[in-house]
Amino acid sequence: MNFESLAKPAVLTQPIYEPGKPIEHVARELGLDPAGIVKLASNENPFGPSPRALAAAKQALEHGELYPDGGCFELRQKLAARHGLGADQFVVGNGSNEIIELLGHVFVGAGDEVVMGAPAFVVYKLVTLLFGAKAIEVPLRDWRHDLAAIAAAITPRTKLVYVCTPNNPTGTANTEAELVAFVRALPDHVIAVIDEAYAEYVENAPDLRPLIAEGRKVVCLRTFSKIYGLASLRVGYGYASAELCALLNRVRQPFNVNAIAQAAAAAALDDVEFAQRCARENRAGLRQIEQGCRELGLEFVPSVANFILIKVGDPSTGSGQAGLRVFEALQRRGVIVRPVKSYGLPEWVRVTVGSREQNERLLRELAVAR
Ligand SMILES: Cc1ncc(COP(=O)(O)O)c(C=O)c1O
């Protein structure tokens, strides 16, 4: 008997997540100088972490010998103050990815269904499959989540329904009114998971806290990996009713979020000015890339997030692989973007909004690589 024959069936058919390529990896592979490479592939913050977060992380490292606070007390206090909710209405994870997994642990099993938009953040599907459940994918409509079609896809077997807004990889959002009406109309056995990983980039982002106050079955996910520039430290959170958070907390590892990440995240929350500046720079960067695309005659999907989908091919003329071709050509020129073939968009690439200089470089290289 080999190991595979002993493994659980869901593991053997599990698709593998393809992350954006790290700079060092691309440098090694292509013989490039890492210092000259720009990574615009994983929706990271081009301005790094806030200096206050960095200082707090360094200080926390001084006590690396101690286990972290498994309950993330201080961070939850800060989150409670920020969102005007109780500290018991938060669950903190090793990235918001972990909260998606915790939702699987608590609610999803063989024979269940989880409904999600397509294309949307692929981890919803990966976790669903890992728990032996069925992923019901509902196509987007005009690039946005089609909430009516999602509602229509719900069955008695549905456990969770994911709505990613702004959506990855499209950068499009649903309105507060749409989301509120959608959640209010859900049957009682279904939990809405609203992934707000990019909410801080959006002006007047939907406020779904009233739904929690009303007792609706909803959990919202946020991350410190994006606007707070802490992707490498892995910290994200969910906010919901205290009852739901207690269930999610029950299944996490005792020390799932390290002390450096907790300290950095708490300090990052305090640096409101830094996050506001990043959001402003991002909006200017989006306009810069959109304008550059217009000048190059490239179609794009108008985005409210910190990334943008750009169409680099045309199925009527190309091989149907333009996204991969342009991704590779850009990579050879030292710019890493994300091909989105695996999201069913072979003619497109997803590009993270960088600093002004990085965006200029992207547009320069894109003019040659397209
Ligand atoms: C929509 C969405 N949700 C969640 C995540 C995961 O974030 P984290 O780094 O907090 O695990 C990402 C990361 O790309 C994302 O795009």
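Helices here are DSSP runs of H or I with at least four residues, strands are runs of E with at least two, and both are numbered from the N terminus. What you see is a predicted model, in which local features need pLDDT of at least 70 and side-chain atom pairs count only at pLDDT 80 or more, while totals for chains, interfaces and linings use all residues. Residues are numbered from 1 along each chain as its sequence is written, and side-chain values use heavy atoms, with hydrogens and water left out.

Let me start with the backbone. Most residues other than glycine have a negative phi, and most peptide bonds are trans. Cysteine 72, in the loop between helix H4 (51–61) and helix H5 (73–83), is not a glycine and yet has a positive phi of about 50°. Alanine 118 and proline 119 are joined by a cis peptide bond with omega about 0°, and proline 119 sits in the loop between strand E3 (113–118) and helix H7 (123–130).

A polar side-chain atom of aspartate 195 is 2.6 Å from a ligand nitrogen, whereas asparagine 97 places a polar side-chain atom 3.0 Å from a ligand oxygen. For serine 225, a side-chain N or O atom lies 2.6 Å from an oxygen atom of the ligand. Of the 390 Å² of accessible area that the ligand has on its own, the protein covers 94%, by the Shrake-Rupley method with a 1.4 Å probe.

How values were computed: A polar contact is a pair of N or O atoms within 3.5 Å; within protein, one must be able to donate a hydrogen and the other to accept it, and residues adjacent in sequence count only if both atoms are side-chain atoms.
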